[in-house]
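Work through the exercises below with the model open beside you. Try each task before reading its solution.

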Amino acid sequence: MAITVSRPKLNWSERLYLPAIAAGMAITIKHFKNMLFGRTKVTMQYPEEKWDSHMPEHYRGAPALVRDDTGRVRCVACQLCEFICPPRAIKIIPGEIPAGDRFAKVEKFPHEFDIDMIRCIYCGLCEEVCPEQAIYLRKDYAITGFTRADMVHNKEKLLEIGGVMHGVVLKWNEKK
Amino acid sequence: MLVEHEQEHDYETLMADPATSAQLVNVQINGVWHQFPKGTRLIEACEQAGSYIPRYCYHKKLTSPGNCRMCLIEMGLPKMGPDRKPELGEDGKPVINWMPRPQISCAQDVSEGLGVRTDSPLAQECRKGVMEFLLINHPLDCPICDQAGECRLQEFSVEYGNAESRFLENKVKKPKNIELGPRVTLDDERCILCSRCIRFCQEIAHDDVLGFIDRGSHSVLTAHPGKRLENNYSLNTVDICPVGALTSSDFRFQMRVWFLKETKSFCTSCATGCNTIIGTRQDAIYRQTPRENNAVNSSWMCDYGRLNFGYLQSDKRLLQPEILSGDKLIAAEWNVAITHAAVQLKHFSGWEIAILASGRMTNEELWLTSRLAKILGVELIDIVPRQGPGDDILLSTDRNPNMNGAQILGVTRWPGARLRDITDGIISGRVKALVALGENPIEIGLTFAQLQALPAFVVMNLLEDESISAATAVLPSFGFAEKRGSMINGKGRLQRLNRSVRGPGEARDDWEILRDLIQAYSGQNSETDSRPGGIHSIEDVFRQMSESFPQFAGLSLSKIGDLGVQIFGTEATR
Amino acid sequence: MDYFFLTISLVKIVALLAVVLGMMNYTVYAERRISALIQDRLGPNRVGPAGLFQPIADAAKFLLKEDFTPGHVNKFYYWLAPCLAMIPAITTLAVVPFGSTLFGVPMVIADINVGVLFVFAIASLGVYGIVIAGWSSNSKYPFLGGVRSTSQMISYELSLGLAVIPVFLLIGQLRLSEVVRYQIEHGWMIAPFVGDWANPHKWLLAIPMMISFVVFTIAIFAETNRLPFDLPEAETELVGGYHTEYGSMKFGLFFLGEYVAMITGSAIIVTLFLGGWHFPSIPDGSHGWGWGLVNIFIFFSKVAVLLFVFIWVRWTLPRFRYDQLMRLGWVFFFEIALANIFLAAIILAYFPQ
């Protein structure tokens with residue numbers, strides 16, 4: 001059913017619109033004046049001013065792979081992040097750790113681990129799904145590049161961003 | 001099988017009915033009465049009645065050792081009165097005398113008046129306890145375990161297990177990453193000692209190589225001393241292993257199973273045609289696993305057939321149609337290559353042309369081949385027979401998957417009988433043009449020089465072999481996983497191939513190539529006897545084929561179904 | 001042939017063009033900065049100090065962009081339209097006196113005796129640019145923009161013309177330098193307190209002059225397609241209006257043509273109503289070339305203030321609906337301007353000085 005909206009009856013001065021126009025102009029000039037004399041707070045001037053110092057703990061920046069205190073790449077290429085990733089930005093090619101290796105007990109490692117940062121939406125599901133505490137969203141946010149290939153973070157780049165994560169569970173040790 | 005007993009149906013009349021009581025017994029499952037034929041396993045009966053009972057050691061194609069204890073249920077027998085007749089309750093049904101202790105449902109057959117509670121507090125408590133025991137020494141390997149995603153331990157742990165472990169001691173260490181055989185890797189820590197693999201080797205593969213050693217929680221699965229799990233059916237143990245203890249060395253760490261797109265197909269490595277599921281991701285095949293079809297392969301397949309898909313991804317695949325220009329092959333557009341081949345064949349009359357077809361082609365392709373032969377006027381056409389050692393289980397000595405199709409469709413009556421004529425004709429120079437469809441003529445005794453001397457040598461094949469560089473036209477085609485079509489296995493069963501991956505490069509479906517070749521040669525898409533409609537899809541090919549051959553009457557590719565259709569008895573072929 | 005006159009004229013043309021085009025570029029910059037400040041933003045502040053080189057970057061961008069012509073347009077008229085949008089707006093400035101004298105040379109390019117008629121004649125050509133752009137683009141939105149603009153401009157030209165008649169009734173001449181001279185002698189048209197403020201006749205005349213000023217200013221808004229009358233290019237309704245199919249510098253000409261038209265319109269308002277280059281107690285160029293320069297500076301300062309008002313209005317008021325626009329033009333401004341002529345005539349006839 002249609003609803004009939006009754007239009008307000010305007011008196012003579014309202015119908016002239018001039019007072020309303022004057023009031024509007026007064027408002028805009030007030031804003032102009034306040035801005036001009038710096039009385040209005042404006043947005044952060046990004047490249048000169050940065051948020052880094054007071055970035056919150058939960059900030060979701062670029063995803064990265066971490067090593068633990070023993071120096072092992074935490075990732076075991078279970079591909080759960082590849083599976084969960086909504087924009088399908090992650091591509092993993094698993095490999096097998098050779099028998100003589102220090103971490104041979106882990107058996108599996110990511111031979112290649114690419115995250116396409118053009119696709120990544122920084123949702124953090126990869127971090128959430130990771131059963132090995134291997135992938136974390138770091139605080140890097142200025143991810144730039146000149147080509148599409150530049151924007152794909154490979155394993156080396158991811159480890160470089162990720163660094164070492166202390167205090168994670170060491171479940172692949174000999175005692176287990 | 002399952003006859004749902006209606007609630008208002010009187011138990012006495014059922015008992016009195018001689019027809020039903022002769023074969024069927026009444027079983028109460030979770031308070032509802034059902035009827036099952038005598039001899040049905042209780043675990044199966046419950047599953048048919050809609051109450052799935054979790055199990056590890058039980059496999060319906062194997063014997064029941066009853067060692068995993070996962071299928072414990074609460075059971076009772078009818079209460080017998082002093083007159084040795086079951087006491088009837090107020091509802092006219094027997095009163096059940098519930099046993100105080102749980103029973104395993106996998107080793108129990110149904111019997112008259114049996115009562116089962118699959119989901120009672122006792123049964124639930126039992127499953128929870130069994131799950132906790134099984135997981136005590138189980139490693140937290142899931143992130144690297146190939147079974148993850150199709151692991152019974154994971155599934156039942158979610159459904160019936162505890163969220164947390166109460167286990168405080170150190171887990172028992174067992175050997176990991178052992179090569180049990182050339183194709184199977186064993187991880188003993190993951191093993192739950194269900195013994196399915198042991199029984200499979202004994203009962204199905206007839207190769208008793210596996211067993212348990214040591215006691216208690218130190219018990220491990222191992223191969224008997226000096227033996228390895230290397231029979232041709234070893235990979236079936238990987239399929240039936242409910243956990244990740246046995247994994248395929250070929251598939252190991254290649255791809256997580258949840259990424260795999262599963263396509264129902266069948267194996268084309270021998271005349272048995274075992275039904276399979278092809279696991280693919282992004283146009284790459286990762287594995288082939290058997291699919292249950294009791295008329296063909298039960299639940300098994302041989303390792304040879306299972307692993308015989310790598311050639312589809314080999315870098316020897318032909319990717320681009322080529323024609324001979326001057327003295328070397330150059331890449332050409334499809335229409336150019338087809339026209340080139342047709343024009344070459346037009347230079348010769350039928351008795352100067354030979355066609356070498358393949359028993360690996362589908363019925364549709366073979367039918368089009370016979371049409372091509374008819375249009376060209378070719379008499380000299382044959383299939384290359386392919387033999388190999390077979391066994392009594394599944395592997396056939398006939399390694400061509402569709403020899404029956406070739407015979408039914410009249411491509412050849414006695415496969416291989418005319419190969420000699422073809423080779424002789426080519427050597428003597430009487431045969432001037434050869435069309436090789438999916439076969440390498442060098443394998444039938446011709447030399448490269450003889451092939452190169454042919455004025456026309458048209459090749460349609462998937463892989464580059466030594467004969468290709470002698471060809472005058474190369475038409476790259478599809479492999480079994482890339483196309484649709486039907487084949488008739490050695491026992492006369494018509495089965496269907498489904499497309500699981502896209503073909504590589506510019507390769508095309510074989511039937512399209514043959515159709516285009518016929519069209520380029522004869523100028524028409526329809527048969528000469530002016531049948532309505534041309535051939536625009538594989539369904540059209542099948543329809544036209546079924547009009548000529550009564551064996552296919554009333555069928556279509558979709559009507560063949562996943563399990564195939566028996567179109568003639570086994571006696572007719574053997 | 002008077003070579004001195006020619007040379008001087010050429011120098012004046014070049015100088016005026018340089019000033020006006022520079023002013024045009026910085027009007028764009030001012031528009032962006034002022035609109036930003038009104039909306040509590042900062043606006044372009046990256047290119048050069050405080051973003052002052054932004055217009056140069058914009059111009060470079062426009063010039064370096066691919067200059068494509070869509071396949072479906074009428075090529076000749078498509079290319080002609082941007083020129084027609086720019087040229088009339090600049091040409092009008094020829095008759096506007098933008099200063100007193102400098103070294104004894106009057107600061108007006110062509111001090112013709114039909115000044116204001118010339119202004120109207122040339123300014124009316126501006127509509128052709130838009131109409132032709134809308135038609136030759138062979139596309140729906142530009143076409144609608146063109147149609148709107150035709151009727152809008154024709155409608156408001158009427159009020160525009162009628163609004164200035166009281167001024168010329170009073171002065172009796174059409175030469176614009178005469179208008180300025182009259183205002184120096186008798187005070188600005190809308191400011192009776194300047195000059196001999198005790199004259200009651202002036203106060204009486206200020207009533208029709210004020211009405212003229214308001215109607216004329218609003219009509220100039222409509223003529224230059226500025227908000228609240230920017231219907232020919234209403235983004236929310238017509239994508240880009242008449243210049244939807246234009247890109248690179250051809251679009252740039254339309255875009256900048258609008259600003260040149262604003263400058264021209266402001267210059268005419270200043271000349272007719274706000275005393276031109278005159279400011280009380282500041283002598284004219286005959287007292288030294290320094291004062292001549294100051295007069296020019298005063299003129300352009302007045303223009304700049306009016307430009308600020310243009311921008312200020314744009315970022316305050318919403319756009320009119322099309323029927324409201326036509327109603328306003330034909331029912332109100334036309335009648336007001338007409339009645340105003342009679343009012344002025346009556347005052348001049350019955351209350352002589």
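Contact here means heavy atoms within 4.5 Å. The model is predicted.

**Exercise 1. Find what share of the contacts in chain B with a separation of 6 or more comes from residues 24 or more positions apart.**

Solution. 
- Step 1: Take the contacts in chain B with a separation of 6 or more.
- Step 2: Pick out those between residues 24 or more positions apart; they account for 65%.
- Step 3: Run the count again for chain C, where such residues account for 75%.

**Exercise 2. Which chains touch, and which pair shares the most contacts?**

Solution. 
- Step 1: List the pairs of chains in contact; there are 2.
- Step 2: Chains A and B share the most contacts.
- Step 3: Check chains B and C. They do not touch, and their nearest C-alpha atoms are 33 Å apart.

**Exercise 3. Describe the interface between chain B and chain A.**

Solution. 
- Step 1: Count residues. Chain B brings 19 residues into contact with 21 of chain A.
- Step 2: The accessible area lost when the parts come together is often used.
- Step 3: Apply it. Chains B and A bury about 1,700 Å² between them, with 54% from carbon and sulfur atoms.
- Step 4: Find the main contributors in chain B. B:P143, B:I144 and B:F253 lose the most area to chain A, together 34% of what that side buries.

**Exercise 4. Which residues of helix 15 of chain B are buried, and what covers them?**

Solution. 
- Step 1: Set the cut-off. Buried means under 20% relative accessible area.
- Step 2: The buried ones are B:I538, B:D540, B:V541, B:F542, B:Q544, B:M545 and B:S546.
- Step 3: Look for the cover. It includes helix 10 (363-376), helix 14 (510-522) and helix 16 (557-560) of chain B. Strand 23 (485-488) and strand 24 (493-497) are also among the covering elements.

**Exercise 5. Why does the radius of gyration of chain C agree with a compact globule?**

Solution. 
- Step 1: Start from the length. For 353 residues, a compact globule would have a radius of gyration near 20 Å.
- Step 2: Compare. Chain C has 21 Å, so the two agree.
- Step 3: The C-alpha trace of chain C spans about 65 × 50 × 45 Å along its principal axes.
- Step 4: In chain C, 51% of the residues count as buried.
- Step 5: Chain C has 11 helices and 2 strands, in the order α-α-α-β-β-α-α-α-α-α-α-α-α.

Terms used
Residues numbered from 1 in each chain as written. Chains lettered and ligands numbered in written order. Predicted model: local features only at pLDDT ≥ 70, side-chain atom pairs only at ≥ 80, totals over all residues. Heavy atoms only, no water. Helix = DSSP H or I, 4+ residues; strand = E, 2+ residues; numbered from the N terminus. Rg over C-alpha atoms; globule rule 2.2 N^0.38 Å. Buried < 20%, exposed > 50% of the residue type's maximum accessible area, 1.4 Å probe, protein only. Buried area = accessible area lost by both parts, 1.4 Å probe.
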